[in-house]
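Please open the structure in your viewer and keep the selection tool at hand.

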Amino acid sequence: MNAKKIRAKTGGCKSRIFVVEDHELMRKSIIQTLEREADLIVCGHADNVEDAIAAIAILKPDLVLTDIRLKESSGLEMIKALHSREPGLAIVATTMFDGLRNERLARAAGAVGFAFKQEGPEKLIATVQATL
């Protein structure tokens with residue numbers, strides 16, 4: 001069994017997602033949205049870059065889903081740091097602000113996927129699943 005995946009009760013594997021979002025209500029909503037999918041499980045979450053990087057190093061998720069704008073730090077800087085440490089780690093960036101510009105910046109930093117929050121949960125799930 002792949003160490004990055006866990007066995008689901010159905011016998012298949014679930015992809016492990018780590019969520020970085022500083023707004024509690026949005027974070028909880030994203031987690032609930034992801035966990036409604038049979039093939040996804042949230043293995044951890046954080047509201048800041050420092051805690052996220054430490055937890056990601058331990059948990060070894062398949063994908064990191066992060067907001068670009070975080071209260072105390074930059075999600076873009078975290079993407080760059082994660083990409084340099086783990087070039088194969090799938091990273092999906094999200095934002096509600098200045099979408100096209102932020103998408104270009106996120107991809108330049110190392111994100112392989114991007115989702116605009118205002119596009120809703122179906123688009124977020126599709127982006128995550130297409131990135132895995």
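A surface patch here is built from residues that have over 30% relative accessible area and no salt bridge, with like charges joined within 9 Å and nonpolar side chains (Val, Leu, Ile, Met, Phe, Trp, Tyr) joined within 5 Å. The model is predicted, so to speak of local features a pLDDT of at least 70 is needed, side-chain atom pairs count only at pLDDT 80 or more, and totals for chains, interfaces and linings use all residues. Residues are numbered from 1 along each chain as its sequence is written, and side-chain values use heavy atoms, with hydrogens and water left out.

**Stop one: a charged patch.** Select Asp47, Glu50, Asp51 and Glu72, which gather on the surface in a patch of negative charge. Asp and Glu count as negative, Lys and Arg as positive, while His and the chain ends are not counted. Asp47 sits in the loop between strand 3 (40-46) and helix 2 (49-59); helices (H or I, at least four residues) and strands (E, at least two) are DSSP runs numbered from the N terminus. With a relative accessible area of 37%, Asp47 is partly exposed, a term for values between buried (under 20%) and exposed (over 50%), found with a 1.4 Å probe and protein chains only.

**Stop two: Thr66.** Next select Thr66, in strand 4 (residues 63-67). Is Thr66 buried or exposed? Thr66 counts as buried, at 0% relative accessibility. Leaving aside residues up to four places away in sequence, Thr66 touches Val20, Met78, Ile79, Ile91, Val92, Ala93 and Thr94, where contact means heavy atoms within 4.5 Å.

**Stop three: salt bridges.** The whole structure holds 6 salt bridges, each being a side-chain nitrogen of Lys or Arg within 4 Å of a carboxyl oxygen of Asp or Glu. Select Lys28 and Glu24, which form one of them, with their closest N and O atoms 3.0 Å apart. Lys28 and Glu24 are 4 residues apart in helix 1 (residues 24-35), and are therefore separated by about one helical turn.

Then move to Glu86 and Lys60, another salt bridge, whose closest N and O atoms are 3.4 Å apart. Because Glu86 lies in the loop between helix 3 (75-85) and strand 5 (90-95), and Lys60 in the loop between helix 2 and strand 4, this pair ties together parts that are 26 residues apart in sequence.

Finally, select Glu103 and Arg107, whose side chains meet in a salt bridge (3.2 Å, N to O). Glu103 is buried, with a relative accessible area of 19%, whereas Arg107 is partly exposed at 40%.

Notes:
Areas by Shrake-Rupley, 256 points an atom, 1.4 Å probe, with all protein chains shown as cover. Charge placed at Lys NZ, Arg CZ, Asp CG, Glu CD.
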